[in-house]
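Please keep the sequence and the 3D view open while you work through each solution.

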Amino acid sequence: MSNNAVLENIERTRIVPVVAIESAEAALPLADALLEGGLPVVEVTFRTAAAADVISMLAEKRPELLVGAGTVVTRNNLEAAQACGAKFCVSPGLNPEILEKAGEMNMPFLPGVCTPSDVERGLSLGFTALKFFPAEVSGGVAMIKALAAPYGHLGVRFMPTGGVNIENLATYLCLPAVLAVGGTWIAKQNDLADGNWAAIRQRCQEALRIAADVTGC
């Protein structure tokens, strides 16, 4: 899938569930809960030993789900993500070496930024879709507006992640500079551990209702 196609799918969905899964056994039930809840996308973070197996399983068994790899902070992470079938990668920061390698691999990538210097470094490497992280503690909506002012005309857009939740979701989504939001609240670790798939489906549906009501601000 091309970089543009991946970004179009993410923008269409507007909400990317970010998950840290401890057991591969939870992979398919999670995928089904997300799909049934209306969110056909997930970012599986490389924060657990099960991440690679989870990505492989989802890519093979649930091809209708757009599966990305998160916390891609090393070359090994990047190579594992591609080998497992991830369609895009996300990182908390911006590592030029990793981004250059991702370009060689034709792997769509959203690097993390939180300052103007980060944004300019991303632009210099050809990246305009950027993860704004950690969103809330880095200034949240006000900071995104401030960054969009000098860089929006260059096509820069953000996926704020970190502190985004159901209470502030609308304030982020109403910003033209926001491509989508990343959210860990959709599939909480205790729900994954307990198999509370109904709660995950419900949060997906609630988030999508809010997204549907957002028309800009």
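**Exercise 1. Find how far apart the mean positions of the positive and negative charges are.**

Step 1: Lys and Arg count as positive and Asp and Glu as negative, while His and the chain ends are not counted. Each charge is placed at NZ of Lys, CZ of Arg, CG of Asp or CD of Glu.
Step 2: The protein has 16 positive and 22 negative charges, and their mean positions are 3 Å apart.

Before you go on, note that this is a predicted model, in which local features need pLDDT of at least 70, side-chain atom pairs count only at pLDDT 80 or more, and totals for chains, interfaces and linings use all residues. Residues are numbered from 1 along each chain as its sequence is written, and side-chain values use heavy atoms, with hydrogens and water left out.

**Exercise 2. Describe the overall build of the protein, using its radius of gyration.**

Step 1: Start with the extent: along the principal axes, the C-alpha trace spans about 45 × 40 × 30 Å.
Step 2: The radius of gyration is taken over C-alpha atoms, and the globule rule is 2.2 Å times the number of residues to the power 0.38. For 217 residues a compact globule would come out near 17 Å, and the 16 Å of this protein agrees with that.
Step 3: Now look at burial, where buried means under 20% relative accessible area, exposed over 50%, and partly exposed in between (1.4 Å probe, protein chains only). Of the 217 residues, 52% count as buried.
Step 4: Contact means heavy atoms within 4.5 Å. Among contacts with a separation of 6 or more, 63% come from residues 24 or more positions apart.

**Exercise 3. Work out the strand order of the six-stranded sheet and name its edges.**

Step 1: Helices (H or I, at least four residues) and strands (E, at least two) are DSSP runs, numbered from the N terminus. The protein has ten helices and nine strands.
Step 2: Two strands pair if DSSP finds at least two bridges between them. The open sheet of six strands has the order 5-4-3-2-1-9, with parallel pairing.
Step 3: Strand 5 (109–110) and strand 9 (181–183) each have a single partner strand, so one side of each lacks a neighbour in the sheet.
Step 4: Strand 2 (residues 41–45) is joined to strand 3 by five parallel bridges, with Thr45 opposite Gly70. Two bridges link strand 1 (residues 15–19) to strand 2, also in the parallel sense, and Val19 faces Val44 there.

**Exercise 4. Describe the three-stranded sheet and its strand 7.**

Step 1: The order of this open sheet is 6-7-8, with parallel pairing. Strand 6 (112–113) and strand 8 (157–160) are the edges; each has a single partner strand, so one side of each is left without a neighbour in the sheet.
Step 2: Strand 7 (residues 129–132) is joined to strand 8 by four bridges, and Leu130 stands opposite Phe158. Two bridges join strand 6 to strand 7, where Val113 has Phe132 as its bridge partner.
Step 3: Strand 7 is covered on both faces, with Ala129 and Lys131 buried on one side and Leu130 and Phe132 buried on the other.

**Exercise 5. Are Thr161, Asp191 and Lys101 buried or exposed?**

Step 1: Thr161 sits in the loop between strand 8 and helix 8 (169–173). With 4% relative accessibility, Thr161 counts as buried. Beyond its neighbours within four places in sequence, its contacts include Val18, Lys131 and Gly182.
Step 2: Asp191 belongs to helix 9 (residues 189–194) and is buried at 4% relative accessibility. Not counting residues up to four places away in sequence, Asp191 touches Asn196, Ala199, Ile200 and Arg203.
Step 3: Lys101 lies in helix 5 (residues 96–104), and its 19% relative accessibility makes Lys101 buried. Leaving aside neighbours within four places in sequence, Lys101 contacts Arg75, Leu78 and Glu79.
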